[in-house]
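Please open the model in a viewer and keep the selection panel at hand.

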Amino acid sequence: MSTPRSAAIYARISSDQAGEGLGVRRQVEDCRRLAADLRWEVREEYVDNDLSAYSGKPRPEYLRMLADLTSGTRDGVLVYHLDRLTRRPRELEDFLEVLDAARVRHVKFVAGDADLGSGDGLLVARIMGAVAAQESAAKSRRVKRKMLQNAELGLPHGRSRRPFGFEDDATTHRPAEAAIIRDLAERFVAGESLRSLCTDLDDRGIRSVKDVPWQTHSLRQVLANPRIAGLRSHNGQIVGQAAWEGHVPRGGVARPRAALRGADYAVCRRAGRSPRSARCVGAPGRSARAG
């Protein structure tokens, strides 16, 4: 069997909260060493950082690799472990179909020793894929239950970026930003538009926590979020009091949320959609992030 002359390295990690890419970097380095040992020529590295293989969300680099395999641009694949490639049985079958259609026979793993070139190896790979899917499903259930418990206790939702108006712990106020939130909420309820408020913030040099100018959708998320009233939400529903004090009275967040809902209804009417359609009903709740 000939040696690949245009192999692909694929690396993936589900969570990279630090955003440093160290996990995928290690995978790529190990795959490079394996390629050198096998005397494979690697022509492209495909890396999906901070992307789950179980959620079903598109993985751009994985899809690009499949396209290159299909077109014949790549003739081999190196992956650290089968579960880096996929954690869903259906997706494994799709991958195998791509290999078969493109007549790609060279697939190697650094760890796990899965062999996709034999009947017994395929059986083992399918079993491993089913086990990986079960592990992901169990982990997802545990994480969701923990998130609900945290919400019911009023604890802040884990995040990589602090909420506007709060310090990095998501509970301690930033007094200057808290005052801005109170002012914005009052002005919006009084009838000032989100666009006008964003323009005013930009004119005063007040930027979002991403250090970019405010946009109407980002300001909407702040004003519609129950956390500014010291309330904890989960999946768009208020579940109780939060462990932090609010910037506005506990009943005060209802007024901006009602105003936002009214604005959404008006937009829907102008667009010819029913105010009761899925794209209109409850929009403030959907756009606001968890506390």
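A search of the whole structure finds three aromatic pairs; rings of Phe, Tyr and Trp (its six-membered ring) pair if their centres lie within 6.5 Å, and planes under 30 degrees apart count as stacked, over 60 as edge-to-face and the rest as tilted. This is a predicted model, in which local features need pLDDT of at least 70 and side-chain atom pairs count only at pLDDT 80 or more, while totals for chains, interfaces and linings use all residues. Residues are numbered from 1 along each chain as its sequence is written, and side-chain values use heavy atoms, with hydrogens and water left out.

**Aromatic pairs**

Select Phe 164 and Trp 214, an edge-to-face pair with 5.0 Å from centre to centre and 90° between the planes. Phe 164 lies in the loop between helix H5 (119-152) and helix H6 (175-189), and Trp 214 in the loop between helix H7 (194-203) and helix H8 (216-224), 50 residues apart; helices (H or I, at least four residues) and strands (E, at least two) are DSSP runs, numbered from the N terminus. Both Phe 164 and Trp 214 are buried, that is, under 20% relative accessible area, where exposed means over 50% and partly exposed in between (1.4 Å probe, protein chains only).

Next, select Phe 166 and Trp 244, whose ring centres are 6.3 Å apart with planes at 75°, so this pair is edge-to-face. Phe 166 counts as buried at 0% relative accessibility, and Trp 244 counts as buried at 2%.

**Nonpolar cores**

Which residues touch the most other members of the largest nonpolar core? Of its 22 residues, they are Met 65, Leu 69, Leu 85, Phe 95, Leu 99 and Leu 116; such a core is a set of buried Ala, Val, Leu, Ile, Met, Phe, Trp, Tyr and Cys residues joined through side-chain atoms within 4.5 Å. Helix H4 (89-102) is among the elements that give two or more residues to this core, and the largest share, five residues, comes from H4. A second, separate core of 19 residues includes Trp 214.

**Helix H1**

Finally, select residues 22-38, which form helix H1. Among its buried residues are Val 24, Val 28 and Leu 34. The face turned away from the buried side carries the exposed residues Arg 26, Ala 36 and Asp 37. After H1 comes Arg 39, with a positive phi near 65°.

Note on methods
Expected span 1.5 Å × (residues − 1).
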